[in-house]
Amino acid sequence: SDEAWHHIEGCGITVHCISEKGEYQVVQIGKNILKGEQPQVIIPKHTWFAAEINDKSSFALAGCSVYPGFEFELVNGIYS
């Protein structure tokens, strides 16, 4: 499922994304729009991603919403 990440507090967050086609993209999440940060971003389904805080001496708090709802029972399109 797609995931909506939203920045809540703290420093900016770098999200590293690799699409199912192998394309790499970096997204900045945060409150500083003038520095290219976005308050929220959609990570498409089938995307591998990892996040890191931009200021290693600080903190960041983010939330993630998944839609449609994620079901652990559904794996690779079939119920186990």
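What percentage of the 80 residues of the protein count as buried? The answer is 22%, where buried means under 20% relative accessible area, exposed means over 50%, and partly exposed lies in between, with a 1.4 Å probe and protein chains only.

Before I continue, a word on the basis of these values. This is a predicted model, in which local features need pLDDT of at least 70 and side-chain atom pairs count only at pLDDT 80 or more, while totals for chains, interfaces and linings use all residues. Residues are numbered from 1 along each chain as its sequence is written, and side-chain values use heavy atoms, with hydrogens and water left out.

I turn to the fold. The protein has zero helices and eight strands, and its pattern along the sequence reads β-β-β-β-β-β-β-β. Helices (H or I, at least four residues) and strands (E, at least two) are DSSP runs, numbered from the N terminus. Among contacts between residues at least 6 apart in sequence, 66% join residues at least 24 apart; a contact means heavy atoms within 4.5 Å.

Rings of Phe, Tyr and Trp (its six-membered ring) pair if their centres lie within 6.5 Å; planes under 30 degrees apart count as stacked, over 60 as edge-to-face, and the rest as tilted. The count is one aromatic pair. Trp5 and Phe49 have ring centres 5.6 Å apart and planes at 90°, so the pair is edge-to-face. Trp5 belongs to strand β1 (residues 2-10) and Phe49 to strand β5 (residues 48-53), 44 residues apart. Trp5 is buried, at 14% relative accessibility, whereas Phe49 is partly exposed at 30%.

Next, the cysteines. Cys11 is buried at 12% relative accessibility, and Cys17 is buried at 5%. How many disulfides does the count come to? It comes to zero, with a disulfide taken as a pair of cysteine sulfur atoms within 2.5 Å.

Finally, the surface. The protein exposes about 5,800 Å², of which carbon and sulfur atoms supply 58%; accessible areas come from the Shrake-Rupley method with a 1.4 Å probe, and for residues only the protein chains shown count as cover. Ile18, Tyr24, Val26 and Trp48 make a nonpolar patch of about 490 Å². Patches are made of residues with over 30% relative accessible area and no salt bridge, like charges being joined within 9 Å and nonpolar side chains (Val, Leu, Ile, Met, Phe, Trp, Tyr) within 5 Å. A salt bridge is a side-chain nitrogen of Lys or Arg within 4 Å of a carboxyl oxygen of Asp or Glu.
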